[in-house]
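Subject: Structure handover

Hello,

Here is the structure I said I would pass on. My notes on it follow below.

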Amino acid sequence: MVAQAFFVGVFGLAAIGFGVAVFRTASMVRSALALLFSQAAVGCMFLAMQAEFLGVLQIMMMATEMSIMAIFMVMFMMDPGGLGGMDMSHQKRFSIGAGAIAATTAISVALFSDWGPIFAEAPDAAMQTRELGFEMLDRSMLIFETAAITILTAMIAATAVAIPVRQPGVDTGKLDKENGDKEQEASK
Amino acid sequence: MTVAIVLLTLLVGAWLLAVIEAWLTTGRLRPVAPLLAGLSHLGRESILARKPDRLFFETAPVLLLVVAVLGAAVLPLTPDLVIADLATGALFLNAVLAYVLVSLIMAGWGPNGAYAMIGGWRFLGQLIAYSMLIVMPITATAMRAESLLNSVIVESQAGLWNIVYQPLGFVLFFIAAMALAFRSPFDLPTAPGELAGGVDAEYTGVRLTVLRLARLVMLITLSAATTVFFLGGWQGPLLPPWAWSLIKTLAVAVSMLLVGYYLPRIREADLLGWCWKFGIPLALLNILIVGLLILVVP
Amino acid sequence: MMTEVATTLAGARKGRPSILRRWVGQALARNLSCLVVPGPEVALAHGLNLAAADMRIAATPRDATVLLVVGELSQKLDEATAVLYAQMPRPRAILVLGGSEPSSLPKADVSADLSQTELMEAATRLQRLLAEDAFAASPDDFDSSILQTKTEYVCPMHPEVVEDEPGSCPKCGMDLVAREAGGDADAGEHDHSGHGHGDHDHGDHDHGSSGFMSMVEVTKDLPRSADGLAMDWLEVPFGPCFPGLPGGLRLTLTLDGDGVTEGQATSLVAMGTPSEEVAVETFIERLAAATPLAPVSYRLLACRAIEQAAGLEPDPAVERGRAAALERERIASHLGWLAQLGRQLSFVWLTRRAAALQLETQRADGEQLVVLRPALQALIARLEHTPLLKARLKGIGALPHGSQDLRGPVARASGRTEDARQADAMYCELGFELYIEGAGDAWARFRQRHVEIVTSLDLVEAAGDPELPKLRAIDSPSGTGEATVETPRGRSTLQLTLERGQVVSVELDGACRQHIGLAADLVEGQELGDALVAVGSLDLSPWEVSS
């Protein structure tokens, strides 16, 4: 029990530490990977709290997600290497306020919620996985399916919005021109 | 004790594969060559590129090695010889393998060189190509075993190995494993003729030794994973379980080396295109077929 | 040339010799990896088998212990080599084979003549040197004026702000970042934010009232690539000693992610025009040495031009042997290209097989070539059916319509009936028939070369034993002569004027003169891998380009 609390604490502090590092570095890539390790530390907290499946899943998902974020940073930001010593924090007063409110809310929810009876022993990992599976394909199925479809729709919509509108006949670039030509041919 | 045995096995395996790889490229069988290469790297200057991201540059090779070893830690070589037979073993392997990508991004970004950087981001660009084809065939094997415990997955193949039960999954996993270990013909992040070594290009000395060792251990881990998920793991007649595990793992690793030896590097666009258009639908089909088989065949 | 052994290793690493260091030195000596300058294909063309001398070919200077210089280097390549040498980690050694020592480098540790036996001996000496002297208490530092670069300071956000001193940007107040000024020779080192291309100017823009830098505003005037994304462009040099490209060729690509926005190929070893008068024999030797990838062809070209100037009629018996030698070189050259393709695509089997066959072909007489035929045909048959290879080459590097003055296999693969051999009476007698692929892409060039290997085999069989072209007996004639030879890479024409046995003026039209300019069109808008395959498929010889 003591060891468990110790590791939860250590990984929690690591998560906070990496979280701070996200804003303390000038490099976009470092920032993204610091966020990755912060989230991976949260995954380790799950592991320390004997929620094996959730922990491993968190560690797995974050690796690819944050890597993808890193490449978007590099693609869209000037000076992604932070050679110019850019400050990562913006709108400081507002963010400090928002952060304080969010933290207070989270802490009060943690302290004042009725978490129900405490189990002496967590079910073993295999059992947890099994129960999680039943949960997801039973009561929560509709929620997850809805969420999945929503995300998919959002991805397709975002891609569609990001593609520049092509008007036939307007020479906005090589690619556009070729497409325009094709469309003209199609309209004939 | 188990840890020591597994680590030693990985080291010996890495040495053996290095010998075979050198045999293929030079035509000479020199058992001491990998040791000499390692020793000579130790004595060479370790050059740091100008304005590197030092943290990433130093971390990347070590992270890759740690990832490869952690992956091997959940794979049972015999019913008893496994460092941690986790209840989420199959998923854990996926989670660990996702960090190969992180390591390559670090190795690509760290040295502040164009070739390395392109190599690193290339690997990210190919993410869908290999990661989906790792995850989905493993899912199908876990379905058959009705467990994520790797040892149970091995035991579920007692009657019929998964390579026969779900050949489609095996082929897809084999290809994806080669891509994930960035072996030729999928060596896009290193690509000697295109990027002059890519993510390897700026590493010298001890760091390069670690990086090369990590790549070899990675190959063994992925071969062992292929063995566990599709080739019935330690099972086989006559020989003891550890021997079967070893033979199968080595056979898979050597076949991967041979495939790379006889093929030119794949086009980047082709790999991604084929995986989206054929690989992922086929992997889904595999899951569907296995699902039907489980329901229909008692 | 005198062979000599240097007393200590020029590129030793600092450290007093100890037992451990001795072991390391011995390990290094038994694990030689060399960076070949100008390139492995030149070593092969000279008939050098590095693997037999226990040497591995390194892809990068970082991976190399030995800098292996093959033949004479041009001034530009000499300087580029110094940069490569500086990038090699110590302990490092220099081995010069045939040719004078490069002036920009420290004294060569071992130098020898250009032959396999000399190479083997030199490798042994080099091993002994490395084993003993890899570490020295006070090694000399390598520093050369070529390596000196000027540092300038730029703003990461505003490429137009360039200062000589560190400080902050007058426009946005960010710290200025040090950058190397104009140092394009340095292949390995580039800033991530490589704003080196400086030919765009995105003017003045304010960051809005909040002080928040909007990426839309910052990138709105940046040049866009075909996919419409505004990204940082990197100008990356490939070459002159890049593993996937012919040595001596520098391909400068502007990269937009993994795509090539534009590119430019230049030769660092292009032939200059000789200024002084030389004797005919010397001229022939020099021309052959200046074109290491097709020495026989250019030797033949020189012989023919001189003989014509001297007014000699072609002698059928001599021409027969010469044709056979030319065709043998064509086979070897095409095999060398296949080995190069293998190196580019990490196709190890092809690299080994093609290189081995090339070495055998170079040495073979007529009968031995007949013996080699099945092996060559097996190689070709196998390549046509190798998975992934067709996907890799098909549709890549298609030449634009109306490309002018294409020559050799490149022209014939685009459906042109362009071959100097057609006009040659000797070839008609030998039963030469022109083969033409139509598609004009890398796959067509690949197949064109396959068919030409077989055609050349037929020709050698019909012509008999190859004989190295030698100048027929002439005394000191005067006059002008012109000759054309279909070299492995295409038609090459030489015009020269003789005065009393001295060559006084020369005009050479090398086979790759036009092809090098095609590279820019072929790479534009391609993915990096495809761009390199496209350039590789031209089989450029940077030597056969007039500067």
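How many residues does the contact take from chain C, and how many from chain B? From chain C it takes 47 residues, and from chain B 45 residues, two residues being in contact if their C-beta atoms, placed from the backbone, lie within 7 Å. Among the elements of chain C that each supply at least two residues to this side are α1 (19–29), α8 (316–344) and α16 (528–537). The most comes from α1(C), with 5 residues. By type, the side of chain C that touches chain B holds 22 nonpolar, 10 polar and 15 charged residues; Ala, Val, Leu, Ile, Met, Phe, Trp, Tyr, Cys and Pro count as nonpolar, Asp, Glu, Lys and Arg as charged, and the others, Gly among them, as polar.

This is a predicted model: local features need pLDDT of at least 70, side-chain atom pairs count only at pLDDT 80 or more, and totals for chains, interfaces and linings use all residues. Residues are numbered from 1 along each chain as its sequence is written, while chains are lettered from A and ligands numbered from 1 in the order in which they are written.

Chain C has 16 helices and 18 strands (DSSP runs numbered from the N terminus: helices are H or I, at least four residues, and strands E, at least two).

Strand β18 (residues 502–509) of chain C has antiparallel links to β15 (residues 278–279), through 2 bridges, and to β17 (residues 490–499), over 7 bridges. Strands pair if DSSP finds at least two bridges between them. In β18(C), C:V503 is the bridge partner of C:V278, and C:V506 stands opposite C:L496. The hairpin of β17(C) and β18(C) has 2 residues between the strands, and C:R500 takes a positive phi near 45 degrees there.

Regards
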